[in-house]
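The following exercises are each followed by a worked solution.

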Amino acid sequence: MDLSFSAEDLAFRGEVQAFITDNLPAEIRRRVQKGEHLSKEDQVAWQLILNQRGWAAPGWPKKYGGTGWTVTQRYIFDEETAGVCPPLTPFGLSMVGPVIYTFGNPEQKAHYLPRILKAQDWWCQGYSEPGSGSDLASLKTKAVADGDHYIVDGHKIWTTQAHEADMIFCLVRTDASVKQQEGISFLLIDMKTPGITVRPIITIDEGHSINEVFLDNVRVPKKNLIGQEGKGWTYAKFLLGHERTGIAQVAHSKKRLARLKAIARAELVEGGPLIADTTFRDKLAQVEIELMALEYTNLRILSESAKGKPPGPEASILKIRGSEIGQRLTEMAVESLGYYAAPYEGGRDGSNQPIGPDYAAGLMPAFLYGRAFTIYGGSNEIQRNVIAKMVLGL
Amino acid sequence: MDFSLSDEQRQLQDSVGRFVRDRYPFEQWRKITDTPEGFAGENWRQMAELGWLGVSLPEEAGGLGGSPVDTMVILEGLGRGLVAEPYLSTVVLGGGFLVLGGTPEMRERELPKLAAGDLKLAFAHAETQSRFSLEDVVTSAKAAGGGYVLNGRKIVVYDAPAADKLIVSARTGGAGREREGISLFLIDRDAPGVHLRAYRTLDRRRAADVTLEKVAVDAGALIGVRDQALPLIEQVVDHAIAALAAESVGAMQLLTETTTEYLKTRKQFGQPIGNFQALQHRMVDILIATEQARSMSYMVTMKLDRPARERSRAAAAAKVQIGQSGRFVGQQAIQLHGGMGMSDELNVGHFAKRLMMIDMLYGNADHHRQRFIALE
Ligand SMILES: Cc1cc2nc3c(=O)[nH]c(=O)nc-3n(C[C@H](O)[C@H](O)[C@H](O)COP(=O)(O)OP(=O)(O)OC[C@H]3O[C@@H](n4cnc5c(N)ncnc54)[C@H](O)[C@@H]3O)c2cc1C
């Protein structure tokens, strides 16, 4: 057992820091630090800068244009970039990309992977449906073969970034006669195909990031099928299990914690700084300790997987604790504002000047949107069911 | 010992229930809170006609001479509809200050107008440095020419944009957080030197930061005893806390019912999600949180006329409970609705936001836990 980083890892950290200092545009850096909304353009700009250096896809193998980094290097990269650089949007780089290079055919790899790296295709994830959320396998969107096409009909919902996406990866039902899980296929669909309608859903933070996607008689070439018909559920589960380094959101929570401390030094209570208030200090220490426990749980799981042990259902622990701590931190941030938590002119775009102190910008939207941390990506109730069943055998 | 309502109070309860059903279906609430004023003048007039604006005022002032329980019944009913009219600011806070501290002349002039719906008030007290400490006042009132001149800045004054008059705290003596030296003034909202920066709040109400720049008032504007306003402020704020407690109970009750109904109708894995024991237990915890809040709402309401220390300790305890219950109920109602709970189109998130603001207003649970300890 050893907690220290190797000399190479430390050198790598220096390399990442230097790269950020030299290459992150000042305006984007400012927006990230202020917690303002980042546009697709900001995200694309940063991804292209990273891609120049070969760093756009930390999780991909080298031969597909990834970094080939060790888990420790990826961890360091996350730590250095979180809260400083725009987050990389996951749908292409962390979700469909790995599915394509693992299960796609050579033509699909050659076509889609470079386009993902260069942000030429912006992806969204079409899994959930109105009747199929936690019970995803019951999904009804159907794809019927018609010559060398599928005709797709259905209704997807809660689809993040569908309104900005070029492509959607969908779970569709190709066979209704077999066991639910065995009749599902994984299809790549161009968002410009006739028959696709996107309707915005405004969330409780008054922002627009999610949508409904209606598919009405949409013709999709059969060459857009990933792997085999009827194996979509396997690919979907692979995808969910794939992205484990980021799931705990440790680096992000550390940045939130640092920001919270800075606010608590500026806010006053009973004539002194909030950070010196015993009640607040206790709560702050509590969440910091919980975050530390999560960090070391994360590191334990990462170092196992570095030795080749595939991530198991215990990774659900990371999702549960990561989301809960994230919510706690965003809640404490708005609490720390006192009365200035109240003014809310809406929108996540942060374009409104905050009514209260500058550091109030974006905190309430982050709290409100953060209520979804425990809902999406498999709700925390579902994650607990997974642990009960798969780890404890209950 | 008796926790039941009188016949008149039950009638009042029915009448508030009808008002909310008729005038505050959720889509109507959205329309009302989207208007520039953020509430409906017509509803305000209706409240006046029903006698609700004068419920706590003495009969000689055009009121009904009712008890705190009447106010509780009204607020609990309004909480179910997220009713946006400035009842708390005008009736509970404004009316409270005028009844308990107004000069005879002021009461005679203002209270009948208040009861008739012709006077809206807002309480301008919190400042940037004060957080939730009621005694932390920097705004100054200097004696000048038989009257006073006020200078300072008040923040997040709920309902100020629609108010005809503001009740403003200011220092006529002392400094910092001294208990002595605070006075209260009734001033016209559009008096020279009063500047508002108005905005919408998280719960879609209207509020403003109020700057006072050499605002001159005459001696008759003083509410209560000069330099000795703090006990009055504490008393009236305790009344406001009781009212917020009642409102929060109405909101929590609505969320409890709505969420229970959702668990019965939403199906996943071929069955209502209410079949899953994890959710049953959560739903029970929501119910318990609501009932604990209700008990504290009743308790504080009935202790409002007790000696200051006992009253304040009750208010502090109640505020801790409703703050915690409200946050829990609001957040879990969202969680149990899944993606739907995140949608702005559904009422659930809006109730959760109001409950969050109720926790914050006049001091959050952390603040009142400390106050409770200090009053031991
Ligand atoms: C902001 C946001 C972004 C999203 N982005 C996407 C996206 O890009 N693509 C996409 O496909 N989907 C997306 N989703 C959808 C998300 O994955 C679903 O909301 C989630 O799976 C829950 O499904 P549901 O909303 O239908 O809730 P339900 O499944 O109806 O769940 C309602 C409640 O019941 C609980 N529950 C359900 N079953 C059980 C059980 N067996 N035991 C105990 N409790 C249970 C849930 O935990 C939840 O609390 C997003 C959701 C949100 C809120």
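## Exercise 1: The surroundings of the ligand

α12 (380–391) of chain A and α9 (308–336) of chain B each contribute at least two residues to the shell around the ligand; helices (H or I, at least four residues) and strands (E, at least two) are DSSP runs, numbered from the N terminus. The model is predicted, so local features need pLDDT of at least 70 and side-chain atom pairs count only at pLDDT 80 or more, while totals for chains, interfaces and linings use all residues. Residues are numbered from 1 along each chain as its sequence is written, chains are lettered from A and ligands numbered from 1 in the order in which they are written, and side-chain values use heavy atoms, with hydrogens and water left out.

Task: State where the ligand lies and describe the shell around the ligand.

Solution. 

1. The ligand is located between chains A and B.
2. Of the 30 residues around it, those that come nearest are A:Ser134, A:Thr160, A:Ser379, A:Glu381 and B:Arg266. A residue is near a molecule if one of its heavy atoms lies within 4 Å of it.
3. With three residues, α12(A) supplies the largest share of the shell.
4. By residue class, the shell holds 15 nonpolar, 13 polar and two charged residues. Here Ala, Val, Leu, Ile, Met, Phe, Trp, Tyr, Cys and Pro count as nonpolar, Asp, Glu, Lys and Arg as charged, and the others, Gly among them, as polar.

## Exercise 2: Polar atoms at the ligand

Task: Which atoms of the ligand lie 2.7 Å from side-chain atoms of A:Thr160 and A:Glu381?

Solution. 

1. For A:Thr160, a side-chain N or O atom is 2.7 Å from a nitrogen atom of the ligand.
2. For A:Glu381, a polar side-chain atom lies 2.7 Å from an oxygen atom of the ligand.
3. The protein buries 95% of the 970 Å² that the ligand exposes when taken alone (Shrake-Rupley method, 1.4 Å probe).

## Exercise 3: The interface of the chains

Task: Describe the contact between chain B and chain A through residues, area and charged pairs.

Solution. 

1. Chain A brings 50 residues to the contact and chain B brings 49 (heavy atoms within 4.5 Å).
2. About 4100 Å² is buried between the two chains, and carbon and sulfur atoms give 54% of that area. Buried area is the accessible area (1.4 Å probe) that two parts lose on being put together, summed over both.
3. On the side of chain B, the residues losing the most area to chain A are B:Arg131, B:Arg200 and B:Met342, together 19% of what that side buries.
4. Eight salt bridges are counted between the chains (a side-chain nitrogen of Lys or Arg within 4 Å of a carboxyl oxygen of Asp or Glu). One of them joins B:Arg177 to A:Glu270, at 3.7 Å from N to O.

Note on methods: Polar contact = N/O pair within 3.5 Å; in protein donor to acceptor, adjacent residues only side chain to side chain.
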